[in-house]
Amino acid sequence: MEPVPGWAAGEKQPYTDHKSNKQDSPGYTDHQKSEVARLRAAVLELSVTVSTHPYWSTLGPGTVAEGRMALKQTVPASAGDVAAEPEEGAFGSPAARAA
């Protein structure tokens, strides 16, 4: 985010005539910095929402990892939906999880 000076290697790379260098980085604008902060806050909020969702308490002992993988494989029903419910049997039926 902050300006960083560029560099030049000065020596060519092995097996080529290329000399590596990097231009000065101007850093982020104030708008870009505020956008990064906004997006990081949104990711944090969503992470907390997902990790504390009541869904996780419906999984039996030792099946949380399987449940997480099943959720990763779900496909949204439409563009507006976050995700479809996991398929029945994706990591055990509700009856099997309750047992």
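Mentor: Let us take the overall layout, then the confidence, and then some individual residues.

Mentor: This is a predicted model, in which local features need pLDDT of at least 70 and side-chain atom pairs count only at pLDDT 80 or more, while totals for chains, interfaces and linings use all residues. Residues are numbered from 1 along each chain as its sequence is written, and side-chain values use heavy atoms, with hydrogens and water left out.

Trainee: How many helices and strands are there in the protein?

Mentor: Helices (H or I, at least four residues) and strands (E, at least two) are DSSP runs, numbered from the N terminus. Here the protein has 3 helices and 2 strands, and from the N terminus the order is β-β-α-α-α.

Trainee: What share of the residues is buried?

Mentor: Buried means under 20% relative accessible area, exposed over 50%, and partly exposed in between (1.4 Å probe, protein chains only). In this protein of 99 residues, 13% are buried. The protein exposes about 8200 Å², and carbon and sulfur atoms supply 59% of that area; accessible areas come from the Shrake-Rupley method with a 1.4 Å probe, and for residues only the protein chains shown count as cover.

Trainee: Could we compare two residues of one loop? Is Ser-20 buried or exposed?

Mentor: Ser-20 sits in the loop between β1 (7–8) and β2 (21–22). Ser-20 counts as buried because its relative accessibility is 18%. Contact means heavy atoms within 4.5 Å; beyond its neighbours within four places in sequence, Ser-20 touches Trp-7, Ala-8, Ala-9 and Gln-13. Glu-11 also lies in the loop between β1 and β2, but Glu-11 counts as exposed, at 62% relative accessibility. With neighbours within four places in sequence again set aside, Glu-11 is in contact with His-18 and Lys-19.

Trainee: Which residues form salt bridges with Lys-33 and with Glu-35?

Mentor: Side chains of opposite charge can pair when their charged atoms come close. A salt bridge is a side-chain nitrogen of Lys or Arg within 4 Å of a carboxyl oxygen of Asp or Glu. The structure holds 2 salt bridges. Lys-33 pairs with Glu-2, with their closest N and O atoms 3.4 Å apart. That pair links distant parts of the chain, with Lys-33 in helix α1 and Glu-2 in the segment before β1, 31 residues apart. Glu-35 pairs with Arg-38, with their closest N and O atoms 2.5 Å apart. Because Glu-35 and Arg-38 are 3 residues apart in helix α1, about one helical turn separates them. Glu-35 is partly exposed at 28%, and Arg-38 is partly exposed at 46%.

Trainee: How many aromatic pairs does the structure hold?

Mentor: Rings of Phe, Tyr and Trp (its six-membered ring) pair if their centres lie within 6.5 Å; planes under 30 degrees apart count as stacked, over 60 as edge-to-face and the rest as tilted. The structure holds 1 aromatic pair. The ring centres of Tyr-55 and Trp-56 are 5.0 Å apart and their planes are at 70°, so this pair is edge-to-face. Tyr-55 and Trp-56 are both buried.
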